[in-house]
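Let's take a walk through this structure together, one piece at a time.

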Amino acid sequence: MTYIPHSPKERDAMLAAIGVNYLEDLFKDIPAKHRYPKLDLPPALTEMEAAAELGELASGNENVQSDLVSFLGAGAYHHYIPAAVDHILRRGEFYTAYTPYQPEISQGTLQGIFEYQSLICALTGMEVSNASHYDGATAVAEAANMAYAQFRGKRSRVVISPTVHPQYRATMRTYIQGMGMELAGDDPNANLDAGPEALESLIDDNTALVIVQYPDFFGRVYDFAKLIEIAHARGALVCMTVNPTALGLLKTPGEMGADIVVGEGQPLGIPLSFGGPYLGFFTTRKQYIHKMAGRLVGETVDNRGQRAFVLTLTAREQHIKRERAISNICSNEGLMALAAALYLSLLGQTGLRQVAELCYHKAHYAAEQISKIKGFSLCFDAPFFHEFSVCCPRPVAELNDHLLEHGILGGYDLGQDYPALKDHMLVTVTEMNTRAEIDALVEILAEADHD
Amino acid sequence: MNIPTNLKYTKTDEWFDPATGAMGLSDYAQGQLSDIVFVEIVVSTGETVAPGKPIASVESVKAAAETYASVGGKVVAVNEDLSGNPEILNTDPYVKGWMVKVEGAQASGLMDAAAYTKYCEERVH
Amino acid sequence: MTEPTIYELSSPGRTGVTFPVPDVPLAKLPQNLLRKELPLPELAEVDVVRHYIALSKYNYSVDDGLYPLGSCTMKYNPKINEDTARLPGFAYTHPLQPVETVQGNLALMFTLQEWLKEISGFAALTLQPAAGAHGELTGVLIMRAYHRDRGDPKRVRMLIPDSAHGTNPASSAMSNLEVVQIPSDARGNLDLVALKAACDDATVGLMLTNPNTLGLFDEHLEQVIKIVHDCGGLVYGDGANLNALLGILRPADVGFDVMHFNLHKTFSTPHGGGGPGSGPVGVSEKLADFLPAPLVGIIEEGSDEEPPLFGFVTPKKSIGRVKAFHGHFGMMVRTYTYISMHGPDGLRKIAEYAVLNANYVKARLKGVYTVPFDRICMHEFVVEGQWAEAPGIRALDVAKRLMDYDFHPPTNYFPLIVHEALMIEPTETENKRTLDAFADALLKIADEAKTTPSLLHEAPHKTPFGRMDEVKAARELVLCCWLPEDYGD
C-alpha cells in the first residue's frame, strides 16, 4: 500500500502536460546501468498487516509499563506522563508542521517554543534558552563548542568531571576530535569520592569551560557555587548538565552562578522509547547569546499591531553563516520541546515539586532499606536525589539476572564504566515505584545474597 | 550612497581613514546587510593585524558578514560602543561606526572614493 | 485575536495534575540545597488543553494542505506510524535494558539497518545520528578518520558546491576542515573544470547533494565522482533529496562513499514543527570500521528453532558515540512501518510520482515564471519570483501572497545561486487537483504582481497574523515570558 493518490487517468494527463509518454522518460539523466536496481526487500504490506507485524515486534520486548518494575535510570527515567500531553502532541497542526520559517502561519509552533524557552529558564534560573538540541549528550558537546567560540579559540581546554554521564563524555570526545580542544578530567579512574574541589587544580588560564553534572552520574548533589567562583576567577565558563526533575526541589544552577545550563529533557513528559527521541535543553546568560547555537524565538508585533513571535537572530545559524556558524544544527527536537512545555504547564509548580519530592522520599526509603541488607552498603555519603550507588556483595550482572526472573529491572552496573566501581549498582527510584515494589526489590536482593 | 572622499576603500567594502588610522564598514555594505543586530570586534588593542585579516563579525536580521582589515598595522583602539549599539553601523558607518584604529599603516592598494563609487554602481546593476 | 501566554493564564493555587501522597516515610530534605521558588505557571488541565488547541489553530501543517517546501520533502505522514511508534512494547522500553529483554527493538533496528543498506547500496550503516546535520557531522568525522588512519592527515579541505545546504559547510567546519566552494555550470551541474582544479592531495572529499537543490540530477555524476576519487578524496552524499531516487538509483552503486538519510523527509516521519528528525548514515566497505558505536548486530547466530540474539557491536576504529543511547528509536519504528508498507515497488513509485508531480507543476508554471535551468527536473525545481513588468515585487511577496490562497509557500531565497528563488517540492502524496489549484494560485499571483502589486506587498491578508517586525524582535530581544529578577543586569 502506498500514499500516492493519482488515478491512472490523472497520471496520463500529467505526463501529457509535461510532454512525455511514460514515467520512465523522466529518469533519462540517471546512469542507465544503475537505473532501477532490484531491491531485495519484503513485499508491501497492507496497513492491517503492518500493524500486526509491528505489534509482534513490540511484544518481543519486556516493557516497564506492564512487564517489568524498573529501578533503572542512568540518564533515562520512567515518569508518569499526564494523558493530555500526548493528546496535544497528536494534533496534526503541531506534529505535521515544518520549522516555523513562515511566522504568519506558524504562530502555534512559535508561541509554543517561546513558552518552552520561558519554562526552561524558570526551571534552571537562567536568562535565555534556545529552542532545543538533540539530547543531553549533544547539548553538553555543544556547550564546549560554544565556549570555544566565546574565547575565539584562544582557550582550548575543557575540564569535564568524571562524574558526568559516561555516554555524554564519550559524545564529547567524538565532537571535539576534529577541533583543537583538549579534554581534562575525563578519567574514570579518578578518585570518585571527591567532591567538586577535585576539579579545581585542573582549571588553568587556558580553560574555556568546566563541565559538571547535577545531580552527578551517581545521583549525588553538590553545591557548585564555590567551584564556579574559582573557575570564573581563572576566566573560564562553567556548564552544568542537570536533571530537570531534580530542579523541582533543588537550588538552581542559575543561583550557583553557572554560565551554561543544559540537560536531558526526557523526564519532562517524554516516553523512554528505547533512548529517543529525547530533548536537549540549552540555556545561558544573555551576554553569551550570540555564541549559543540553535534556534531562538523572540517576541515582536505583526503589521496589524498584534503581539506575535518569530525566529530571531537567525544570522548566527548555518543556513546564513555556513562554515562560519558555531554549530551545524538545523533540525532540533521541536515536538519534544512542546511535550516538555505541556508537562511543565500541566504540573505547574505544585505538581513538579510533588514529583521531585516523591522521587526523593522513595529513593531515600529504598536506599535505607537496601543498606540494611547484609553485604550491601551505600558507596557515598553525599546527599542524593533519586539515584544512589550501592556496593553489592556479588557482580551486578548476576543480581540483575536474578531480579529479572522476578520481573524487576535492576539498576545500572557502574563497573562497566568505572573500574573502581566493580560490583556497584546505580539504583533509580521515581514516583512510579510503590513502596511494595521497593520492598520486593529489597527482599529479592536479600535473597540473592543467600543463594 | 554616501562615499566620503577623504577615505580609501577595499573591494570587500571596508573603509580606511589615512588621517586617523580608523577603519570600518562602508555605507554600501551596511545597506546590503540591512538592519544590523550584532557586531563583534575580533581583535584587541595591541594586536597586529594584517590586511585582509578579519577584524569584526557582523550580523543583520537576514545576513552575516566578516569585516576585514583594510590595511595592516598595530591596533591602538577598538570601538567599544558598537557591541551595545550595533545599529550605529546602519546610521553612521563612517564616524561613530569606526571599528578599530591602527597605527603604522600603509594605505596601499586601496580604491579612492571615485573608484569605489564606480565599483559599487557596477554591482547595483 | 492573540492567545495569552501560558504565564498570563496562570492563577496561583491551581494545578493540572496531582500525584499520590507518599507511601514511604518522609526523608529529611537537604535544606541548604533547596530552591527558594519555582516560578512555573499554575493552570487546570482544561486551561492547558484549550491554550494549546488555540495555538494549534494558528499553524499550517501537512494535514491542512500542500506544503511545497523545496528540499524539505513535506509529504503526508501516515497515521499508522504514530500508532506503531506508541505501542507500549516500544514506548516503554528503557535504552539500557539487558538486550535479552529488548529483542523486538533490536530486531527492528537490525532489519531497518539492512533495509536502508539495500535501498542505498551501502555496506554498513548507523542509525544513531539524530538529524540530517548530525548525520553530516558523523559522515565528515568518518571521512577525516579514514584519511588519518591511512596515514594521510594533511587532507584538510572539503569541496562543497555553491548550491549546497548551509549544513554542509557548517558540518565541515565543526570537524575543523577548510571549505572550498565549487561553482555550478550553466546547466546546473557541478562545474567540472573548477572541480578538477580544486582536487589535490589535501582534499578530504566532496559533499554532493544529488539531485541538487535546483532539483537537477548532475549529468556528469560519474565523472564528478571519478575526479574526486582520482585525487584520493571521498564523496559524501547529502541524502536530503533521496526521495527522487528511491528504487531508481542506489547512491553507493555510482560510487558515493558515505551518505546520510533524512528519515523525516524521505521516509515520512513527521517534522514536528522543527524536529525530531533522524539521520542514519550509510558507508562503503572501506569506511565501515569507522562508524559510530554501537551498532546493532547479531551476537549469537540463530537456528531453525531459535531466532538469532541481537545485541550491540562496536566497529573496530569507531569515531565514537555521536549522542547518548541508540538514536531516535521512535523515528525508526515509523520508518520501519513505512518501508514495510511500500515494499520495493512502492518505494520506486514514491520517486516516480514525486518526480511526476514536480515536472507537472513546472510545466504549468513555465512561460509565466522564469525557470532558470529548464530541464526535466527530479522531485523539485526552482523558478524566479520576479518579473520585469512587476518592479518591486520579490519572491518573498509571492510567497506571502500564496498564504492567502491557503497554501504554504515554497522555500524562498534558496538556493543562493538563483535570484529571487522559489524552490518547489510538491512530493508524491499530492493529487492532480491539489497541484492544479496550487499552480492556478501561482499563475494568478503572477498576474496580480503586474496589475495590483499592493496585494502582494501587503500579503498575507487572510491569515490570522500579518508580516512580522523582525528588526524589533532582534533588537529588543524578548525571549522569555517569565523574567528572572536579575534579568538584563
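Start with chain C, where the domain assignment gives domain 1 (80-340) and domain 2 (344-472). Keep in mind as you look that this is a predicted model. If you mark the C-alpha centres of domain 1 of chain C and domain 2 of chain C, you'll find them 30 Å apart. How many residues are in contact between the two domains? On the domain 1 side of chain C there are 28, and they meet 22 residues of domain 2 of chain C. Together, domain 1 and domain 2 of chain C bury about 2000 Å² between them, and carbon and sulfur atoms give 66% of that.

You can look for a salt bridge between C:Glu219 and C:Arg375, where the closest N and O atoms are 3.6 Å apart. Seven residue pairs are in polar contact across the interface of domain 1 and domain 2 of chain C, with both residues at pLDDT 80 or more. As for the kinds of residue involved, the side of domain 1 of chain C that touches domain 2 of chain C has 13 nonpolar, 11 polar and four charged residues.

Now turn to where chain C meets chain A. Here 206 residues of chain C are in contact with 193 residues of chain A. The size of an interface is often given as the accessible area lost when the parts come together. For chain C and chain A that figure is about 17200 Å², with 64% of it on carbon and sulfur atoms. There are 10 salt bridges across the interface of chain C and chain A. To see a salt bridge up close, find A:Lys362 and C:Asp23, whose side chains meet at 3.0 Å, N to O. Polar contacts between chain C and chain A come to 97 residue pairs, both residues at pLDDT 80 or more. Which element gives the largest share of the side of chain C that touches chain A? That's helix H10 (residues 329-365) of chain C, with 26 residues. Sorted by type, the residues on the side of chain C that touches chain A are 114 nonpolar, 54 polar and 38 charged.

Two spots let you see contacts between these chains in detail. Take C:Ser56, which is found in helix H1 (residues 45-56) of chain C. Is C:Ser56 buried or exposed? It's buried, because its relative accessible area is 0%. The side chain of C:Ser56 reaches the backbone oxygen of C:Ile53 at 2.7 Å. Setting aside residues up to four places away in sequence, C:Ser56 touches A:Arg91, A:Glu93 and A:Phe94.

Next, hop over to A:Gly348, which has its place in helix H11 (residues 334-372) of chain A. A:Gly348 counts as buried too, since its relative accessibility is 2%. Apart from neighbours within four places in sequence, A:Gly348 is in contact with C:Leu40 and C:Pro41.

Of the 451 residues of chain A, 68% count as buried. Among contacts in chain A with a separation of 6 or more, 71% come from residues 24 or more positions apart.

Last stop: chain C against chain B. Four residues of chain C are in contact with seven residues of chain B. Chain C and chain B bury about 450 Å² between them, 55% of it on carbon and sulfur atoms. Of the area that chain C buries against chain B, 85% is supplied by C:Glu470, C:Val471 and C:Arg475, more than any other three residues. C:Glu470 also forms a salt bridge with B:Lys62, the closest N and O atoms being 3.0 Å apart. The count between chain C and chain B is one salt bridge, and three residue pairs are in polar contact across the interface of chain C and chain B, both residues at pLDDT 80 or more. The side of chain C that touches chain B divides into two nonpolar, no polar and two charged residues.

Key. Residues numbered from 1 in each chain as written. Chains lettered and ligands numbered in written order. Predicted model: local features only at pLDDT ≥ 70, side-chain atom pairs only at ≥ 80, totals over all residues. Heavy atoms only, no water. Contact = heavy atoms within 4.5 Å. Buried area = accessible area lost by both parts, 1.4 Å probe. Salt bridge = Lys/Arg side-chain N within 4 Å of Asp/Glu carboxyl O. Polar contact = N/O pair within 3.5 Å; in protein donor to acceptor, adjacent residues only side chain to side chain. Nonpolar A, V, L, I, M, F, W, Y, C, P; charged D, E, K, R; others polar. Helix = DSSP H or I, 4+ residues; strand = E, 2+ residues; numbered from the N terminus. Buried < 20%, exposed > 50% of the residue type's maximum accessible area, 1.4 Å probe, protein only. Domains from an automatic or database assignment.
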